[in-house]
Amino acid sequence: MPNVKDCPGFESFGADVQQAREAVGMSRRELAERVGIDPRYLANIENDGTIPSLPVIIQLIKICGLPVERYFNPEIMREESAQ
C-alpha cells in the first residue's frame, strides 16, 4: 500500500478526510461502512498516511465533499493559493 511520501498531492488526504468527517459529525465507523472498508483501514488512511485504492479514494472524495483537483492536479491548487 502506498504512503503519502510516494504520492505527491496526497500529503493532506488523510487529515482532509478526517476533518471533513468530523465537520459533519460522522463517526469513523459510519464513514467506513458507507465506503465499504474496515474502520481500522480508515484510521490508517486518516492517521498514518496510507493511500487507498482509487475506488476508495473516489468514494472518500465524494462522500466527504473534498476537491478532487487538490489530489489529482496539485499544481492547480498551488497556483490558486499563490494568487
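This note goes through the helices, a few single residues and a surface patch of a predicted model.

1. Basis of the values. The model is predicted, and local features need pLDDT of at least 70, side-chain atom pairs count only at pLDDT 80 or more, and totals for chains, interfaces and linings use all residues. Residues are numbered from 1 along each chain as its sequence is written, and side-chain values use heavy atoms, with hydrogens and water left out.

2. Helix 1. Helices here are DSSP runs of H or I with at least four residues, numbered from the N terminus (strands are runs of E, at least two). In helix 1, which spans residues 13-23, the buried residues are F13, G14, D16, V17, A20 and R21, where buried means under 20% relative accessible area, exposed over 50% and partly exposed in between, with a 1.4 Å probe and protein chains only. These residues cover an arc of only 165° around the axis, which puts them on the same side of helix 1; the arc is that of the directions from the helix axis to the C-beta atoms. The face turned away from this buried side carries the exposed residues Q19 and A23. The cover of the buried residues includes helix 2, helix 3, helix 4 and helix 5, and helix 1 is followed by G25, whose phi is positive, near 75°.

3. R21. Although R21 is an arginine in helix 1, R21 counts as buried because its relative accessibility is 7%. The side chains of R21 and E46 are joined by a polar contact of 2.7 Å, a term for a pair of N or O atoms within 3.5 Å in which, within protein, one must be able to donate a hydrogen and the other to accept it, and for which residues adjacent in sequence count only if both atoms are side-chain atoms. Leaving aside neighbours within four places in sequence, R21 is in contact (heavy atoms within 4.5 Å) with M26, S27, R28, L31 and E46.

4. Helix 4. The buried residues of helix 4 are V56, I57, L60, I61 and C64. Seen down the axis of helix 4, they fall within an arc of 135°, so they line one face of the helix. On the other side of helix 4, P55 and K62 are exposed. The buried residues pack against helix 1, helix 2 (28-35), helix 3 (39-48) and helix 5, and G65, with a positive phi near 70°, follows helix 4.

5. I57, in helix 4, counts as buried because its relative accessibility is 4%. Not counting residues up to four places away in sequence, I57 touches F10, F13, I51, P52 and F72. G49, in the loop between helix 3 and helix 4, counts as buried because its relative accessibility is 13%; G49 and F13 are 36 residues apart in sequence and 7.7 Å apart in space, C-alpha to C-alpha.

6. Nonpolar patch. L54, I58, V68 and F72 make a nonpolar surface patch of about 340 Å², with helix 4 (54-64) and helix 5 (68-72) each supplying at least two of its residues. Patches are made of residues with over 30% relative accessible area and no salt bridge, with like charges joined within 9 Å and nonpolar side chains (Val, Leu, Ile, Met, Phe, Trp, Tyr) within 5 Å; a salt bridge is a side-chain nitrogen of Lys or Arg within 4 Å of a carboxyl oxygen of Asp or Glu. Accessible areas come from the Shrake-Rupley method with a 1.4 Å probe, and for residues only the protein chains shown count as cover. V68, in helix 5, counts as partly exposed because its relative accessibility is 38%.
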